[in-house]
Amino acid sequence: MDFALTDDQKALVQAAADFSRAELADHAAEWDATSHFPLEVIRRAGETGFLGIYTPEEHGGLGLSRLDASLIFEQLAQGCVATTAYLTIHNMVTWMIATWGDDALREAWVPAMVTGEVLGSYCLTEPGAGSDAASLRTRAVRDGDDYVISGSKMFISGAGATEVLVVMARTGEPDSGAGGVSAIVVPADAAGIEYGKNEEKMGWKSQPTRLVSFDGVRVPVTNRLGAEGEGFKFAMKGLDGGRLNIASCSLGAAQQALTLSRDYLGERKQFGRELGQFQALQFKLADMASDLTAARLMVRHAAWRLDQNDPEATAHCAMAKRFATDVGFQVCNEALQLHGGYGYIREYPLERLVRDTRVHQILEGTNEIMRVIVARRLLADGVIESLQ
């Protein structure tokens, strides 16, 4: 059992850290304050390969593992959590089209997506279907060689600024459940699509989040990913990796918060001593580092399981997502507390880290749903024993 990074992985970490410092860190506060979606920087991420991290090489991506992706996203998130979170979503959309699209569909979209010329959004959640995604109501009705899509999607990251949407729509009967859902690639400027207002959010302000409405949107049947009725399965496969991605963003945020706290405890003096000399604060810093290290190991282990196509990978991804996003928020919140009043003002990044990591406990499946996923597997024969 070797926990050391390979030389190639160390090089990936360094490249991501360099990009994070050069392109993200110095601008994150301004992007947050002005709700600016940094498209120019996102497209430059494509020049480094960070828009097609685990898209296969034969389709223009880097073809890296999910563990490699986690290492990259952790570093990028130390510069800007919200922008990195969008990069994870775009990577998932690109990978889905490259994996399940036919040759023509891949050729139409993927090369431009891995370079950043075209950006993508993932459309699953609806106003009335969040945790119960299998109950979605957006319809795609077959009409000759086309689908006609009607319905709406909610909380769509990047919506209104991206060029392609992967839409989960019901192609089966209204009561067909998960088996009646298909995944369809839709140009973001197709006739009949309307975008709602950019939602005013607590965090993630440097990426737009909008409602997307579909009113008789017509796309060719050849825009479907895989066979009819396979969309929900694809969505869940995408979410296994998506959960690791967002967990990795939480790791990066927590690492940044821990580093800032270490520096602050060495600089700030009270009662004639540096704060770092007070044992109570030393213990707090030690607990933050211990919890973060445990979360990092869980995420990397789950990523390894996913790379190995382990039959229990979904449960491990759910466990890692739940634990790492809880820890990420907790560490950032503790760091804010260590900074006292300074942590609460925008001159320091702690309040932004707290706001940005809070949503990680909700998206890609709430942490309550993660517990449901894990518990259901644990009740199956032999699964608990396999955890040893």
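**Cysteines, strand pairing and surface of the model**

The sulfur of Cys-317 lies 15 Å from the closest cysteine sulfur, that of Cys-249, which is too far for a bond. The structure is a predicted model, in which local features need pLDDT of at least 70 and side-chain atom pairs count only at pLDDT 80 or more, while totals for chains, interfaces and linings use all residues. Residues are numbered from 1 along each chain as its sequence is written, and side-chain values use heavy atoms, with hydrogens and water left out.

A disulfide is a covalent bond between the sulfur atoms of two cysteines. With a disulfide taken as a pair of cysteine sulfur atoms within 2.5 Å, the count is zero. Cys-317 has a relative accessible area of 0% and is buried (buried means under 20% relative accessible area, exposed over 50%, partly exposed in between, with a 1.4 Å probe and protein chains only). Cys-123 is likewise buried, at 0% relative accessibility.

Cys-123 belongs to strand 1, residues 120-123, which is covered on both faces (strands are DSSP runs of E with at least two residues, helices runs of H or I with at least four, both numbered from the N terminus). On one side of strand 1 the buried residues are Gly-120 and Tyr-122, and on the other Ser-121 and Cys-123. Strand 1 runs parallel to strand 4, residues 164-170, and four bridges join the two (strands pair if DSSP finds at least two bridges between them). Gly-120 has Val-164 of strand 4 as its bridge partner.

In an unreviewed UniProt entry, residues 6-117 carry the feature "domain: Acyl-CoA dehydrogenase/oxidase N-terminal"; such annotations may be inferred rather than shown by experiment. This span is 71% helix and 0% strand, and its end C-alpha atoms lie 31 Å apart. Helix 3, residues 39-47, contains Gly-46, which is buried at 11% relative accessibility. Between the C-alpha atoms of Gly-46 and Ala-33 the separation is 25 Å, the two residues being 13 apart along the chain.

On the surface, Met-1, Phe-3 and Leu-297 form a nonpolar patch with about 440 Å² of accessible area together. Leu-297 is located in helix 8, residues 279-307, and is partly exposed, with a relative accessibility of 45%. Patch residues have over 30% relative accessible area and no salt bridge, nonpolar side chains (Val, Leu, Ile, Met, Phe, Trp, Tyr) being joined within 5 Å and like charges within 9 Å. A salt bridge is a side-chain nitrogen of Lys or Arg within 4 Å of a carboxyl oxygen of Asp or Glu. Accessible areas come from the Shrake-Rupley method with a 1.4 Å probe, and for residues only the protein chains shown count as cover.
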